[in-house]
Amino acid sequence: MHEDEKGDERRAATGLTPSGADQEFLALERELTVLLRRARASQGEMAREVHPDLESAAYGLLVRLDECGAQRATELAAYVGVGKATMSRQLRALEELGLIAREPDPADGRAWLVALTDEGRLRVGTVREARRGRYVRQLAHWDRAEVAELARLLNQLNGVMEK
């Protein structure tokens with residue numbers, strides 16, 4: 001047996017590729033790449049459904065405000081991982097579209113909170129409900145426990161990626 005054949009056998013036994021990467025992590029990377037590509041396209045569609053002039057990246061801010069209520073701009077920037085200037089620009093655009101409003105922070109008179117307007121809440125809610133309906137239809141053949149497990153694992157992955 002050649003040295004290369006022994007190496008191939010060892011890699012096969014350990015699940016490593018010639019580059020030394022684990023097959024499971026290569027598969028994870030491949031599937032995440034597909035998921036993220038599809039998610040970006042989907043986020044753009046959802047943003048346009050909320051408002052034709054809404055930037056794709058701003059959709060996530062609206063969802064965060066829908067789920068968590070009013071927040072400071074600095075909290076939103078930290079959550080999505082952007083700087084103050086980028087956040088200010090995105091919030092200004094959302095405000096001009098009538099989807100968010102700024103209000104004084106009752107806990108600190110010097111600070112402002114950003115919140116969805118009634119119109120913003122209605123539009124985001126409509127789009128999110130339609131998206132959930134699509135998930136229900138697409139995953140109808142899945143066991144509910146599998147859907148819950150996928151959500152749990154994605155939450156766990158997001159938590160690790162956050163750090």
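This is a predicted model: local features need pLDDT of at least 70, side-chain atom pairs count only at pLDDT 80 or more; totals for chains, interfaces and linings use all residues.
A pocket is an open set of grid points with protein on both sides within 12 Å along at least five of seven lines, and its lining residues are those with an atom within 4 Å of a point.

The largest pocket has a volume of about 2,600 Å³. Its lining comprises 43 residues, of which Leu35, Ala39, Tyr135, Leu154 and Asn158 are the closest to the centre. Five helices each contribute at least two lining residues: H2 (23–50), H3 (56–68), H4 (73–80), H6 (118–138) and H7 (144–162). Helix H2 accounts for the largest share, with twelve residues. Sorted by class, the lining of the largest pocket contains 25 nonpolar, eleven charged and seven polar residues.

For the second largest pocket, the computed volume is about 160 Å³. The residues that line this pocket are Ala73, Thr74, Ala77, Lys84, Met87, Ser88, Leu91, Arg102, Trp112 and Val114. Two or more of these residues come from each of helix H4, helix H5 (84–96) and strand E2 (108–116). The most are given by H5, which supplies four residues. By class, six residues of the lining of the second largest pocket are nonpolar, two are polar and two are charged.

How values were computed: Residues are numbered from 1 along each chain as its sequence is written. Side-chain values use heavy atoms; hydrogens and water are left out. On a 1 Å grid over the protein atoms alone, a cavity is a set of points where a 1.4 Å probe fits but cannot get out, and a pocket is an open set with protein on both sides within 12 Å along at least five of seven lines; lining residues have an atom within 4 Å of a point. Grid points are joined across faces, edges and corners, and a volume is the space filled by probe spheres set on the points. Ala, Val, Leu, Ile, Met, Phe, Trp, Tyr, Cys and Pro count as nonpolar, Asp, Glu, Lys and Arg as charged, and the others, Gly among them, as polar.
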